Amino acid sequence: MTIKFYGYPKCSTCNKASKWLRDNQVQFENHHIVDAPPSKEFLKEMVANGDYELKKFFNTSGVKYRELQLKDKLPTMSEDEQLELLASDGKLIKRPLVYDGDKLTLGFKEEQFEDMWKTS
């Protein structure tokens with residue numbers, strides 16, 4: 001599977017991550033996380049294949065997260081409801097989200113990208 005990069009053009013962290021991938025000659029498909037968020041089924045696959053709990057997929061520092069008071073609501077929501085919510089609004093998803101069908105990273109830490117995405 002091609003590496004899929006879900007980011008937001010106005011996000012400086014996303015821009016740093018995509019620059020790192022380009023600088024390291026890592027080929028990826030760029031997806032606008034707000035205009036075209038990953039589907040519920042695709043998110044479910046990422047949760048199953050990645051090393052992150054579902055709650056880590058939420059952008060806890062985002063305005064929308066606070067507006068919806070998700071800190072209090074998430075513990076009582078089912079996994080299905082949480083996936084539905086994430087798929088409904090890309091701003092709720094921690095970004096950038098990078099996935100190749102096997103490996104997954106949430107956010108950008110250069111050391112982590114070095115370990116996961118460096119090809120040579």
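User: In which strand is Lys 4 found?
Analyst: This is a predicted model, in which local features need pLDDT of at least 70, side-chain atom pairs count only at pLDDT 80 or more, and totals for chains, interfaces and linings use all residues. Residues are numbered from 1 along each chain as its sequence is written, and side-chain values use heavy atoms, with hydrogens and water left out. With strands taken as DSSP runs of E with at least two residues, and helices as runs of H or I with at least four, numbered from the N terminus, Lys 4 belongs to residues 4–7, which form strand β1.

User: Is Lys 4 buried or exposed?
Analyst: Buried means under 20% relative accessible area, exposed over 50%, and partly exposed in between, with a 1.4 Å probe and protein chains only. Because the relative accessibility of Lys 4 is 17%, Lys 4 counts as buried.

User: Which residues does Gln 82 touch, not counting residues up to four places away in sequence?
Analyst: Gln 82 lies in helix α5 and, at 9% relative accessibility, counts as buried. Taking contact as heavy atoms within 4.5 Å, and leaving out residues up to four places away in sequence, Gln 82 touches Leu 54, Phe 58, Leu 74 and Met 77.

User: What separates the C-alpha atoms of Asp 35 and Lys 91?
Analyst: Asp 35 is found in the loop between β2 (29–32) and α2 (40–49), and at 64% relative accessibility it counts as exposed. Asp 35 and Lys 91 are 56 residues apart along the chain, and the separation of their C-alpha atoms is 9.6 Å.
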